[in-house]
Amino acid sequence: MAWGRPGGGERAVASYDEDSATMAVSAALACLGARHAREIDELHFVSLSPPYAEKSLSSLVAAAADLGTGLRTGDHGGSLRAGTGALLSALDAVKALTSRHSLVCAADCRQAPPGSMLEMGFGDAGAAVLVGGEGAVAEVLAAVSHSQEILDTWRTDEQRTVRTGDARFNRVEAFAKCTLEACKAVLEKAGIDAKQVAKAVITSPDGKGHGAVAKPLGLDPKAVVDPKTDSLGMLGTAQPFVSLAMALETANPGDRILLACYGDGCDAIVFEVKEAVKHFKAQRRLASPSAPLGYVKFLAYKKMLAECGGESNAFASQIQASREAPISLRFHGKRCQSCGTINTLSLRVCPHCQTRDRFDEVHLARKGTVNTYTQEHYFPTPEPPVTMAVIDLDGGGRYLAQMTDVEAAEVKVGMKVEMIFRRLHEGGGFHNYCWKCRPVREAPK
Amino acid sequence: MSMKDKIAVIGAGCTMFSENFGLDYSDMMVESSGEALEEAGLSGRDIQAAWLGTAFPDAGVWKGRSGMDLAQSLGIFDIPITRVSNYCATGGDAFRNACYCLLSGEADVVMALGVEKLRDRAPQESLVKMMVENGHPIMQKGFTAAGTFAVTATRHMHEYGTKAEHLGQISVKNHKHAVNNPKAQYRTEVTLDQVMKSPMVAWPLTVLMSCPTTDGSACLIMCRAEDAKKYNKDHVLLKGHGFSVSTGWDLPFYDPRHHFTSYRATEVASRKAYKDAGVTDPRKELDMCEVHDCFASVELLTYEDLGLCKRGEGGKLVEEGATAAGGEIPVNLSGGLLSCGHPVGATGLRMLYEITRQLQGKAGKRQVPDARLGLAHNIGGPGAVSSVTILGAR
């Protein structure tokens, strides 16, 4: 769909209940898999479109990903290069033994002026990279950073949408020169020749500038990783990690991968691929499974329409939210020490055996089965009807949640669902997040 | 201790259950209590204690937060008046507390009055808005009242093969009954096709399977049975009563042991009421029931909870016509909440008004011949609280 602009292609669009924090949570959980969350000593959240201008999102992501509280969290932004900046900091921390494992989560849903080329060109995505520990799929051979003060892509503190200046100036003068320089320097530092680079990820602010560096650098054209701008869009700070994951999926042990990320300067890193890459498969998740998104709905999702439905004036209390974080954010339940029932309400007395205050806090499974459901046609939402599902969680406990990323007709009693962290409403003048559920689906190609 | 035959209803009154645009909260209280007082031959000064049932002052007109709203409207002062709020079982609870007072001997003539004024606001500004804007910021967010009752229909359909059409048949039946009730909001028959094709509210419940937003008030005046003849020779007697809170507002949806195919509160309350009244086979012994059909699914589950049929056979019961006028056990001859609407605090007392008129033989075209025993049932919250009252003819 091209929304009245020349050319075709597709782009990834975050659903109405997603933002860069919820996508970072999903990416973090997919990246961690079965790994023990308590061994993460650092979490970096990277975004140019954080849902709060003042308030840490890394701490929110750490809580929702259930990483505990004994870790260092940091928020990064400012330029498209912020993701690799955080990655380099994480590598330093692991090298310095101040962190056993560091998790870098980059996510963006950048806003473009309605009707602009950028609007079609941007894509929404989140990605996570785990640094440190055993079984690495790649190791860093060399890294170089160049800083460059220049105005090519920006958004002031009063602008909602991203602006870009002159396209030719941006690509040739701002992006290509600086990136080429950094790439040369890092190859020299790694002691390798451009021809020895098996895969090259070169991110550019317009999504298509990689050729302007690859050719003069002398890279094998086949080594250059296609950023998939025409199908995914330009993914902001998540771009280098999404492209790196794609490169790793087809890499062989011993390959050298060049990652160059531009944004007010350039970070260039050379990786050597390790044996573990043979088992590497990036976890992919897409929010919207089915029908193409119409432009009006897109504008509603992006809150670009003055009246776009959805709940208004819902009651919310920052104090209550803080008190209930164990269940509503960390997704912990309380198992009764007497009768073993897993309670998912913040109760002090077990409703089954009346035992008072004798519970063990337990991690609830993020998967379950629909016991019963309904579809609410009168509850205000941008995507009616609201499916409300009663879920029997694997391993015990019951939870009531909205179902998202779903077509009404596919909901059935007995269907398998996974819990997913999403935004619920803006009551109280802040973002109210919650755990929704969605059908378990095959990963998209 | 059974309450059987110890309490008499000596006066009953009920306003139009409709969009009473010309009446305010106080006007409706004056009308319902006026009819009841007149029947009992009493004036407001004779009432020695009163219970005022209003469930949702915040969704309505900010009236009914206290018994003082009854005192001011009826000009009854210097007596104890308690405001009762217990979701949709509010009316039944007001009645229950008034009866307890009589049995304690603290008062000799008492009033239970329910009133709710919802239609000074647009329907979606009252009860729907309450769910959207108030309540817990996360838990149950996305539900309206319809949804909390729809999930029981979904599960019942899954476990017993009940069809959405069974719910439709309940709506058809109750709307047909309402044609004979001059106090009902809607007195027009509907076809099954109309019910099924009316706009979806909360799947599988359509608009015509859902009660409308309504204003209304109902009032009962009671005394101990031995005093009844002094006031009204045509009184009716309390035969049994049960009331139970069996889960919570949130708990059903978060409790792994909860199943969605019955309302335990109704089972508990009805068993107590049957025991009081000596009823062992309700389907045969009761002449009629008024049950809480706020949504058609609730009437269907309630058939089973009250023991009118076996578990899972609610659909069959309505299909056979057993609960229709002239059937074996007619249910909601008034038209039920689906046709009368549901001014929450008033509904339970409106049902008792209906049963009273039936037992007096004064139910007009709705009259069940030789009615001797009738049951009124409410359920409140997500099926958490239930009131079951059995009245009998003298």
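Tutor: This is a predicted model. Start with one cut-off: a residue is buried if 20 or more other C-beta atoms lie within 10 Å of its own.

Student: What makes α3(B) largely enclosed by the rest of the structure?

Tutor: Count its buried residues. Of the 15 residues in α3(B), 11 are buried, so the rest of the structure largely encloses this helix. The buried stretch takes in Thr90(B), Gly91(B), Gly92(B), Asp93(B), Ala94(B), Phe95(B) and Arg96(B). Ala98(B), Cys99(B), Cys101(B) and Leu102(B) are buried too.

Student: How do you know that the reach of α3(B) is close to the expected one?

Tutor: Set the two values side by side. α3(B) covers residues 90–104, and 21 Å separates its first C-alpha from its last. At 1.5 Å a residue, the expected value is 21 Å. Gly105(B) follows the helix, with a positive phi near 85°.

Student: Which helix of chain B packs against α3(B), and at what angle?

Tutor: Helix α14(B), residues 344–359, packs on α3(B) at about 65°, and the axes are 5 Å apart.

Student: Which residues in α3(B) and α14(B) meet?

Tutor: Thr90(B), Gly91(B), Gly92(B), Ala94(B) and Phe95(B) come from α3(B). They meet Val344(B), Gly345(B), Ala346(B), Thr347(B), Gly348(B), Leu349(B) and Leu352(B) of α14(B). Sorted by class, this contact holds six nonpolar, six polar and no charged residues.

Student: Why is Tyr87(B) called buried?

Tutor: Tyr87(B) has 21 C-beta neighbours inside 10 Å. The cut-off is 20 or more, so Tyr87(B) is buried. Tyr87(B) lies in the loop between β3 and α3 of chain B. Its phi is positive, near 50°, and it is not a glycine.

Student: Why is Asp78(B) called exposed?

Tutor: Asp78(B) has 6 other C-beta atoms within 10 Å. Exposed means 12 or fewer, so Asp78(B) is exposed. Asp78(B) sits in the loop between α2 (68–74) and β3 (81–84) of chain B.

Student: What is the phi of Asp78(B)?

Tutor: Phi of Asp78(B) is positive, about 70°, although this residue is not a glycine. Most residues other than glycine have a negative phi.

Student: Which peptide bond from Trp203(B) is cis?

Tutor: The bond from Trp203(B) to Pro204(B), with omega near 5°. Pro204(B) is in the loop between β5 (200–202) and β6 (205–206) of chain B. In chain A, the peptide bond from Pro384(A) to Pro385(A) is cis, with omega near -5°. Pro385(A) belongs to the loop between β14 (367–376) and β15 (386–393) of chain A.

Student: How do you know that the span of α5(A) agrees with 1.5 Å a residue?

Tutor: α5(A) runs over residues 167–190. Its 24 residues should span 34 Å, and its end C-alpha atoms are 32 Å apart, which agrees.

Student: Where is the kink in α5(A) centred?

Tutor: On Ala176(A), where the kink is about 35°. Ala176(A) is among the buried residues of α5(A), which also include Phe175(A), Cys178(A), Leu180(A) and Val186(A).

Student: What covers the buried residues of α5(A)?

Tutor: The cover includes strands β5, β7, β8, β9 and β10 and helix α6 of chain A. After α5(A) comes Gly191(A), with a positive phi near 70°.

Student: How many residues of chain A are in contact with chain B?

Tutor: 40 residues of chain A touch 30 residues of chain B. On the chain A side, β14(A) gives the largest share, six residues. That side divides into 19 nonpolar, 17 polar and four charged residues.

Technical notes:
Residues are numbered from 1 along each chain as its sequence is written. Chains are lettered from A and ligands numbered from 1 in the order in which they are written. This is a predicted model: local features need pLDDT of at least 70, side-chain atom pairs count only at pLDDT 80 or more; totals for chains, interfaces and linings use all residues. Helices (H or I, at least four residues) and strands (E, at least two) are DSSP runs, numbered from the N terminus. The expected span of a helix is 1.5 Å times one less than its number of residues. The bend at a residue is the angle between axes fitted to the seven residues ending there and the seven starting there. Two residues are in contact if their C-beta atoms, placed from the backbone, lie within 7 Å. Axes are lines fitted to C-alpha atoms, for helices over the stretch in contact, and angles run from 0 to 180 degrees between N-to-C directions. Ala, Val, Leu, Ile, Met, Phe, Trp, Tyr, Cys and Pro count as nonpolar, Asp, Glu, Lys and Arg as charged, and the others, Gly among them, as polar.
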